[in-house]
Amino acid sequence: LQAITGVGPVKAQKLTDLGATVETLQLAVCTNDEATILKYGLTHHQRLGVKYLEDTKRRVPRDVIAKFEGFLREWLADRCVWTVCGSYRRGKPDSGDVDVLVTHPEWTTDEHAQEGLRTTIDCLRTAQWLVDDLTPGDKLHTKYMGFMRVPEHPWAIRLDVRAVPHTRYVPALMYFTGSKEENIRLRRKALSLGYQLNEYGLTAVKAGAVPVPVCLNERAVYAALGEAFVE
């Protein structure tokens with residue numbers, strides 16, 4: 001049950017107590033059995049998680065994500081700066097989902113990022129890449145979650161799109177690229193120097209620590225921490 005996106009340990013236990021199985025949930029969602037869906041208390045997010053469970057169990061080949069990246073390169077070139085992050089950016093042969101980070105030099109506030117995200121998602125929707133939204137339109141702030149389909153690929157793919165102000169792009173890029181182990185290593189090094197490193201930036205948190213200027217690229221973050229750059 002916890003393989004369903006949106007279902008954690010607590011919800012999985014509640015579903016188990018109610019006698020639910022993956023199969024009964026899939027049947028209810030497939031047949032739009034609203035009474036059963038209500039009985040199990042499935043949210044919109046969990047309902048879509050059930051609908052696309054078999055698809056999301058499959059890894060996404062690198063060449064499939066590359067097709068989507070080609071679309072972004074063509075359609076978003078004049079609209080924003082973007083990067084496909086996660087394991088794809090780390091050069092892995094496949095990924096569990098697709099993470100895209102977007103910004104623009106003129107996005108200086110969260111409000112700018114929110115508007116930019118809306119424009120980006122409208123673009124994807126107009127081009128008919130999106131098939132279902134986990135994030136409702138009225139809750140679209142700086143992150144979109146949903147499902148998309150890539151031409152000639154048989155399964156739906158989980159898609160996350162995050163928009164950030166331009167000054168936060170580099171730390172966010174590092175965070176959402178990973179790996180998890182590298183993020184942890186750098187955060188620990190930052191703390192040892194009196195700084196905090198997260199997706200929002202590198203900031204001094206200890207008295208006496210020298211303020212860090214905005215890092216305009218990843219190499220600058222490594223240099224600020226006294227670390228050799230890791231591609």
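Start with helix 5 and strand 7, residues 157–163: each gives at least two residues to the lining of the second largest cavity. Keep in mind that this is a predicted model.

That second largest cavity holds about 50 Å³ of space. Its lining includes Asp55, Thr56, Arg58, Arg59 and Val60. Gly96 lines it too, along with His153, Trp155, Ala156, Ile157 and Arg158. By class, that lining has 4 nonpolar, 3 polar and 4 charged residues.

How many cavities of 30 Å³ or more are there in the whole structure? The search finds 2.

Now the largest cavity. Its volume is about 70 Å³. Which elements each supply at least two residues of its lining? Helix 9 (169–177), helix 10 (180–192) and strand 8 (195–198) do. The lining residues are Pro171, Met174, Tyr175, Asn183, Leu186, Arg187, Leu197 and Asn198. They divide into 5 nonpolar, 2 polar and 1 charged.

Next, helix 4, residues 44–51. Which of its residues are buried? Gln46, Leu48, Gly49 and Val50. And what covers them? Among the covering elements are helix 1 (9–17) and helix 2 (22–30). Strand 5 (130–133) and strand 6 (143–148) also take part. So much for the strands; helix 5 (53–56) is in that cover as well.

Over to you for discussion.

Methods
Residues numbered from 1 in each chain as written. Predicted model: local features only at pLDDT ≥ 70, side-chain atom pairs only at ≥ 80, totals over all residues. Heavy atoms only, no water. Buried < 20%, exposed > 50% of the residue type's maximum accessible area, 1.4 Å probe, protein only. Helix = DSSP H or I, 4+ residues; strand = E, 2+ residues; numbered from the N terminus. Contact = heavy atoms within 4.5 Å. 1 Å grid on protein atoms, 1.4 Å probe; cavity = no way out; pocket = protein on both sides within 12 Å on 5 of 7 lines; lining within 4 Å. Points joined across faces, edges and corners; volume = space filled by probe spheres on them. Nonpolar A, V, L, I, M, F, W, Y, C, P; charged D, E, K, R; others polar.
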